[in-house]
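Let's take a guided walk through this chain, with its domains, some helix details and a few charged pairs along the way. Please keep the viewer open as you read.

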Amino acid sequence: MKLTVVGAGSMGAQIAQQAALHGIEVALHDKDGTQLQRALESNRGHLARRVEKGKLSKQEAEAAVNRVHATTDLGEATDRAAFVIEAVFEDLELKRSIFRELDEVTRADAVLASNSSTMGISKISDVTRRPDRCLNMHFFYPVLVMDLVEIVRGPLTSDETVERATVLAREMARTPVLLNKEIDGFIVNRILHAATQEAYRLLDAGVASFQDIDTAVEKGLNWPMGPFRLGDFSGLDVTYNARLHMYRVTGDERYKPSPQLEAKVRAGKLGRKTGEGWYTY
């Protein structure tokens with residue numbers, strides 16, 4: 001089977017590489033050729049570290065890298081693809097435009113999946129002629145480490161499409177969970193959002209420092225990372241945009257992003273990827 005991944009950012013690049021590690025031929029598409037090269041170099045670095053640690057042979061790593069074929073041509077990327085995963089950033093109109101184009105260039109029986117962590121597929125798939133073959137397939141970052149995939153059925157998604165997504169997740173050595181109903185935030189982000197929003201409320205109210213809140217959560221709840229350290233790891237812009245989306249969709253003040261989080265994003269202090277967020281790296 002050939003898989004196409006659209007979007008060569010951190011998520012898309014690692015989705016492609018995870019599939020390639022398990023014998024799947026992947027076309028990785030992005031309109032930006034420079035971004036594609038960055039994605040390939042990043043993946044090579046990840047696999048090289050596994051080789052250094054003895055977790056992967058040099059030959060296995062080279063074969064996995066060579067299974068990812070990068071291209072700026074969407075028609076070339078989707079040629080003969082049985083499954084497409086869209087992994088661009090969380091912008092509804094952008095995703096809808098990509099699905100509209102994918103519907104034109106992919107074969108009629110191809111499944112179109114969105115990696116969106118916040119937007120149900122029904123908000124995207126209505127621009128296609130195949131809503132029954134569309135669904136969410138939400139991976140977690142870093143995909144090369146995180147085991148879970150949330151598969152979210154839309155109101156028109158067929159059982160066959162769900163089964164094909166489930167099979168693909170398992171072929172990629174990832175554990176799928178199925179949501180039978182669309183709900184904003186899905187499972188993990190809804191639970192995580194509730195906890196992290198409370199952490200931000202404590203910070204905004206001056207109850208404790210972000211460092212002490214992280215320590216309390218890490219030591220008291222046995223989380224590997226507290227909410228602020230986790231935000232830095234994931235990207236504070238990702239956290240902020242997910243919160244903002246939930247707030248706009250629900251109108252519920254409980255989902256409104258923290259003013260201190262918004263200030264970090266506006267200042268470009270997005271966490272590890274920029275060298276500074278809540279912590280300095």
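Does D103 count as buried or exposed? At 5% relative accessibility, D103 counts as buried, where buried means under 20% relative accessible area, exposed over 50%, and partly exposed in between (1.4 Å probe, protein chains only).

Before going further, some ground rules. This is a predicted model, in which local features need pLDDT of at least 70 and side-chain atom pairs count only at pLDDT 80 or more, while totals for chains, interfaces and linings use all residues. Residues are numbered from 1 along each chain as its sequence is written, and side-chain values use heavy atoms, leaving out hydrogens and water.

**Charged pairs**

The structure holds 18 salt bridges, each being a side-chain nitrogen of Lys or Arg within 4 Å of a carboxyl oxygen of Asp or Glu. Here are some of them:

| Pair | N to O distance |
|---|---|
| E90 and K95 | 3.2 Å |
| R129 and D103 | 3.0 Å |
| R129 and E104 | 3.5 Å |

The R129 and D103 pair joins the loop between helix 6 (122-125) and strand 6 (134-139) to helix 5 (residues 92-105), so it ties together parts that are 26 residues apart in sequence. Helices here (H or I, at least four residues) and strands (E, at least two) are DSSP runs, numbered from the N terminus. R129 itself is exposed, with a relative accessible area of 62%. With E104, R129 makes a salt bridge that links distant parts of the chain, 25 residues apart, and both of these residues are exposed. Put together, D103, E104, R129 and R130 are linked in a network of salt bridges.

**Two domains**

The domain assignment, which is automatic or from a database, gives domain 1 (2-179) and domain 2 (190-274). Their C-alpha centres lie 27 Å apart. Contact (heavy atoms within 4.5 Å) involves 5 residues of domain 1 and 4 residues of domain 2. The area buried between them is about 400 Å², with carbon and sulfur atoms giving 71%; buried area is the accessible area (1.4 Å probe) that two parts lose on being put together, summed over both. In domain 1, T118, K123 and Y141 lose the most area to domain 2, together 69% of what that side buries. Between the two domains there are 0 salt bridges.

**Helix details**

Q17 lies in helix 1 (residues 10-21) and is buried, with a relative accessible area of 1%. Leaving aside neighbours within four places in sequence, Q17 is in contact with N43, L47, A64, V65, V68 and L144.

E218 sits in helix 9 (residues 210-220) and also counts as buried, at 16% relative accessibility. Not counting residues up to four places away in sequence, E218 touches W223, P224, M225, G226 and R229. The side chain of E218 reaches the backbone nitrogen of G226 at 2.8 Å.

Key
Polar contact = N/O pair within 3.5 Å; in protein donor to acceptor, adjacent residues only side chain to side chain.
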